[in-house]
Amino acid sequence: MLSPGEEKRISNMVRKLSPCLESNRKVYNQYAEGYDAMNVAVGNQLPSFVAKLCLKHLPANIKNNMEQCTVLDFPSCTGYTAKSLRDKGFTGIIDGVDGSVEMIKVAEKKNLYRKITTHLITPDNPIPFGDNCYDVVINGANHTFTPGNVEPESVCEFLRVLRPGGIMLLNGAHLAFTDVESNSKQDLQDVIERLQDEGKCELIEEVDVDIFQSESKFNQFQRTTVYCISKAVK
């Protein structure tokens with residue numbers, strides 16, 4: 001259970017989040033230094049779960065040459081998904097992308113990444129990377145595809161930078177901090193199903209996960225669905 005001080009600090013941050021992307025970037029900048037502590041306090045197990053699922057479905061040809069495997073972590077936040085990958089034995093290359101400069105500063109101190117790029121991800125603002133340049137794209141940050149964060153349609157951009165046969169891990173929150181009326185999970189699922197219908201990817205596994213282990217008022221927001229998809233080989 002969260003202490004009163006921990007719950008107050010997290011509540012203050014959550015109250016400042018909104019459906020506005022630029023406003024949320026300022027919030028994440030403000031709370032970057034204490035972000036790891038907040039994740040520990042709520043018992044955030046999503047990064048560890050996503051990292052484990054990633055290694056489970058890593059194609060054999062990539063797993064057998066892991067040192068050369070390239071991963072794009074988005075949003076990289078303070079590096080907790082990358083750390084989970086390293087803790088589970090991943091020895092390849094990890095790049096990150098995030099819209100918060102202060103979050104990136106915290107992540108860079110951990111020496112987990114080859115590079116981290118500052119970039120606000122939208123469908124109209126392409127990721128500044130070439131086509132087919134990563135073996136894995138991983139999303140272990142909770143509530144990524146919710147109003148004021150990353151639009152589900154941006155999945156098309158991440159699929160573009162993923163190599164054919166590579167895998168992508170995504171998660172869709174069932175209830176958003178920023179807009180309780182939104183259906184982020186369904187919006188993300190609709191994009192994935194459309195890309196499957198177009199023959200661009202295949203859904204390998206879909207799992208519902210509880211994000212937070214600690215009991216608190218935030219538990220109503222803790223359910224998310226993790227999707228592991230493979231990019232079609234043409």
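The model is predicted. A search of the whole structure turns up one cavity of 30 Å³ or more, and the largest cavity holds about 560 Å³ of space. Away from that topic, Asp131 pairs with Arg160 through a side-chain polar contact, while Asn111 and Asn132 each have a positive phi.

**The cavity**

- Rolling a probe the size of a water molecule over the atoms shows where empty space is left.
- With that search, one cavity of 30 Å³ or more is found in the whole structure.
- The space in the largest cavity comes to about 560 Å³, and 34 residues line it.
- Closest to the centre of the largest cavity are Tyr28, Tyr35, Cys77, Asn142 and Asn149.
- If you are tracing the lining by helix, α1 (4-16), α2 (21-31) and α3 (35-42) each supply at least two of its residues.
- Sorted by class, the lining of the largest cavity contains 20 nonpolar, 12 polar and two charged residues.

- Asp131 sits in the loop between β3 (115-118) and β4 (134-138).
- With a relative accessible area of 53%, Asp131 counts as exposed because the cut-off for that class is over 50%.
- Leaving aside residues up to four places away in sequence, Asp131 touches Arg160 and Val161.
- With Arg160, the side chain of Asp131 makes a polar contact to the side chain, at 2.7 Å.
- For a sense of distance, the C-alpha atoms of Asp131 and Val42 are separated by 37 Å, and the two residues are 89 apart along the chain.

- Most residues other than glycine have a negative phi.
- Asn111 is not a glycine, yet its phi is positive, at about 55 degrees.
- You will find Asn111 in the loop between α7 (101-108) and β3.
- Asn111 has a relative accessible area of 69%, so it falls in the exposed class, which is set at over 50%.
- Asn132 also has a positive phi, near 55 degrees, and is a residue other than glycine.
- The loop between β3 and β4 is where Asn132 lies, and Asp131 is placed in the loop between β3 and β4 too.
- At 35% relative accessible area, Asn132 is partly exposed, because that value lies between the 20% and 50% cut-offs.

Key: Residues are numbered from 1 along each chain as its sequence is written. This is a predicted model: local features need pLDDT of at least 70, side-chain atom pairs count only at pLDDT 80 or more; totals for chains, interfaces and linings use all residues. Side-chain values use heavy atoms; hydrogens and water are left out. On a 1 Å grid over the protein atoms alone, a cavity is a set of points where a 1.4 Å probe fits but cannot get out, and a pocket is an open set with protein on both sides within 12 Å along at least five of seven lines; lining residues have an atom within 4 Å of a point. Grid points are joined across faces, edges and corners, and a volume is the space filled by probe spheres set on the points. Helices (H or I, at least four residues) and strands (E, at least two) are DSSP runs, numbered from the N terminus. Ala, Val, Leu, Ile, Met, Phe, Trp, Tyr, Cys and Pro count as nonpolar, Asp, Glu, Lys and Arg as charged, and the others, Gly among them, as polar. Buried means under 20% relative accessible area, exposed over 50%, partly exposed in between (1.4 Å probe, protein chains only). Contact means heavy atoms within 4.5 Å. A polar contact is a pair of N or O atoms within 3.5 Å; within protein, one must be able to donate a hydrogen and the other to accept it, and residues adjacent in sequence count only if both atoms are side-chain atoms.
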